[in-house]
Amino acid sequence: MASATFLSTLSLANKNYLLLTPTHAYAKGYTNNFRVSNLPSIVVRKEGSVRSQGFVAMQEKGGSTLSDDSRTKTPHVLTVAGSDSGAGAGIQADLKACAARRVYCSTVITALTAQNTVGVQGVSNVPEDFVAQQLKSVLSDMQVDVVKTGMLPSVGIVKTLCKTLREFPVHALVVDPVMVSTSGDVLAGPSILSTFLEELLPMADIITPNLKEASALLNGMQLETVDDMRSAARLLHNMGPKNVLVKGGDLPDSSDAVDILYNGHNFYELRSPRIRTRNTHGTGCSLASSIAAEVAKGYPMLSAVKVAKRFVETALDYSKEIDIGNGPQGPFDHLLRLKSHSQACHRQQTFDPSDLFLYAVTDSRMNKRWGRSIIDAVKAAIDGGATIIQLREKDAETKDFMESAKACLRICHLHGVPLLINDRVDVAIACDADGVHVGQSDMPARVARTLLGPEKIIGVSCKTPEQAEQAWVDGADYIGCGGVYPTNTKENNITVGLNGLKTVCMASKLPVVAIGGIGVSNARAVMEICASNLKGVAVVSALFDRECVQTETRKLHEVLLGSNIGST
Ligand SMILES: Cc1ncc(COP(=O)(O)OP(=O)(O)O)c(N)n1
Ligand SMILES: Cc1ncsc1CCOP(=O)(O)O
Ligand SMILES: [Mg+2]
């Protein structure tokens, strides 16, 4: 959109600075490091920094920034669209898609719709001058990279938008020509077609019509085949947008979802298996926002479209079983978080320290030695009374580990027992385990927390009060302290003894589980150090390097119950 004009060289304190428009800065790849915005006024700061709305100031020699701060530019999409009260489409979908794609999203609301999974029950347009006011508020201040449009319900609103964009040019304009909702309700009538065609489309970097919208823009042209889609893309391209993505989701008799992208030179046929799901409400808005998000990050259009399409497919696939509303089309989960929540309804939502009571830690070598699968080992431990399971599969191939972790997770959840993964945060995320256990040389707990989110359980191995303090600061839920006694299970492991355990318990703000050389003969002595936050024992060989895991677990359970400590 914005012209790539090199503006001028400015002399300040005997240094030369280039003033660049946003587009120029993008073209030069500067925008990852420099703030870019749109107002045509230039601000000269006391300390010699130059920043303007609309121009990025660069020091010509040496390449160091003139910016008055070291902030990097946050990719920013402004969506100009209607609100969907059901939050499946419109502004709400755009916000979720941008959040999922890690891009900031501001919003200019053009209309309010009363809408659910059944359809659209009412529409109230926002007055044009208030749309203009919202646009100006955001564009004059917030360094928008890409504007994405959705529902533009009146000629006046389309004209207002085009006028404002001429005043405040942005890097790119993504136009989703929303006319009819997925439920078949009209969201923008034929009266706006000519303004769309004459004013908005020529400004667009990409337009993303579905078959119905492409047909409406092309005077009712019939679109039934992929060849028709190509013809439509070419005709629409002639109307001015730099790229046209004709979405073939409604194409009859196609087992694939086929979209055609045309940039005036090449056609790209983007195919993927069609995802059979009821939960497709908001797919178009989300795709356009995701394209906008990728373009805002600086990716070229073809990559942006491919990444956006893959993202929407992943979210649709993830959301197949989500059950919201009674109508024919449900929303989907952009953030890929709702399913684990609904699946998690059989187990505790938050970490319960008493789960540490009898903590069974698997060992691939021991299970191999005794000829049992990890799944059988986990079942037996649960049957014997284990209250939490950790998969510590040091020798497993990643793919096998994931498969067995998923199977173990099903068993654990059937019994309300949490399942943690040792070391491998990636595996924990991939199989949606309940959490991880990490040691001092594994991924730091604070990084694991960022990756896993607030709800997952994180345990950290600690031998000292300082490590226990750090685990708490990092957002861990519990600490594992040991080896309490010498062990053959972990090589070169320093033994802390009962005294070391007690010292760590006293210092720890988190619940503690003791580990290392613990079994039926000494579990009671461990629990009798009488630290109120010592909640249980974690055991490997005393359970799994034995013929009958269930029997050994049951025996240990009885001993722990007899110690009468930590079980509440
Ligand atoms: C409950 C519990 N506590 C400590 C450990 C040991 O973890 P770490 O120090 O990372 O050593 P490895 O188990 O990875 O060899 C644990 N696994 N569980
Ligand atoms: C993993 C680990 N961390 C500290 S000691 C230990 C091994 C515990 O195994 P075992 O219960 O067989 O002594
Ligand atoms: Mg580890």
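In this predicted model, helix α2 (residues 90–100) and helix α8 (residues 283–296) have axes that come within 8 Å of each other and cross at roughly 40°. That angle makes α2 oblique to α8, since angles under 35 degrees would count as roughly parallel. The crossing of the two helices is right-handed. On the α2 side, the residues that meet the partner helix are G90, A93, D94, A97 and C98, and they face C285, S286, S289, S290 and A293 of α8. By class, the residues of this contact comprise 5 nonpolar, 4 polar and 1 charged.

Helix α2 is mostly covered, with 9 of its 11 residues buried. The buried residues are G90, I91, Q92, A93, D94, K96, A97, C98 and A100. Their packing partners include α8, and also the strands β6 (76–84), β7 (104–115) and β9 (146–149).

The backbone on either side of α2 also deserves attention. Most residues other than glycine have a negative phi, and most peptide bonds are trans. In the loop between β6 and α2 lies A87, a residue other than glycine whose phi is positive, near 65°. A87 has 18 other C-beta atoms within 10 Å and is therefore partly exposed, because a buried residue requires 20 or more. Just after α2, R102 likewise takes a positive phi, of about 60°.

A second helix pair can be described in the same terms. Two packed helices are described by the angle between their axes and the distance between the axes. For helix α3 (residues 128–139) and helix α4 (residues 155–167), the angle is about 25° and the axes are 9 Å apart. The two helices are therefore roughly parallel to each other. Their crossing is right-handed. In α3, the contacting residues are E128, V131, A132, L135, K136 and L139, and in α4 they are G156, I157, T160, L161 and T164. This contact of α3 with α4 has 6 nonpolar, 3 polar and 2 charged residues.

L251 counts as buried because 21 C-beta neighbours lie inside 10 Å. Not counting residues up to four places away in sequence, L251 touches L211 and V258. Between L251 and M229, 22 residues apart in sequence, the C-alpha to C-alpha distance is 9.5 Å.

D432 lies in the loop between α14 (425–431) and β18 (435–438). Although D432 is not a glycine, its phi is positive, at about 55°. With 16 C-beta neighbours inside 10 Å, D432 counts as partly exposed. The other feature concerns a peptide bond: the one from G482 to G483 is cis, with omega near -5°. G483 belongs to the loop between β20 (478–482) and α17 (497–507).

These local details belong to a protein whose secondary structure comes to 20 helices and 22 strands. Of its 568 residues, 48% count as buried. Among contacts with a separation of 6 or more, 64% are between residues 24 or more positions apart.

Terms used. Residues numbered from 1 in each chain as written. Chains lettered and ligands numbered in written order. Predicted model: local features only at pLDDT ≥ 70, side-chain atom pairs only at ≥ 80, totals over all residues. Axes fitted to C-alpha atoms, helices over the stretch in contact; angles between N-to-C directions. Helix = DSSP H or I, 4+ residues; strand = E, 2+ residues; numbered from the N terminus. Parallel < 35°, antiparallel > 145°, perpendicular 65-115°, else oblique. Left-handed = near helix turned anticlockwise from the far one by under 90°. Contact = placed C-beta atoms within 7 Å. Nonpolar A, V, L, I, M, F, W, Y, C, P; charged D, E, K, R; others polar. Buried ≥ 20, exposed ≤ 12 C-beta atoms within 10 Å, placed from the backbone.
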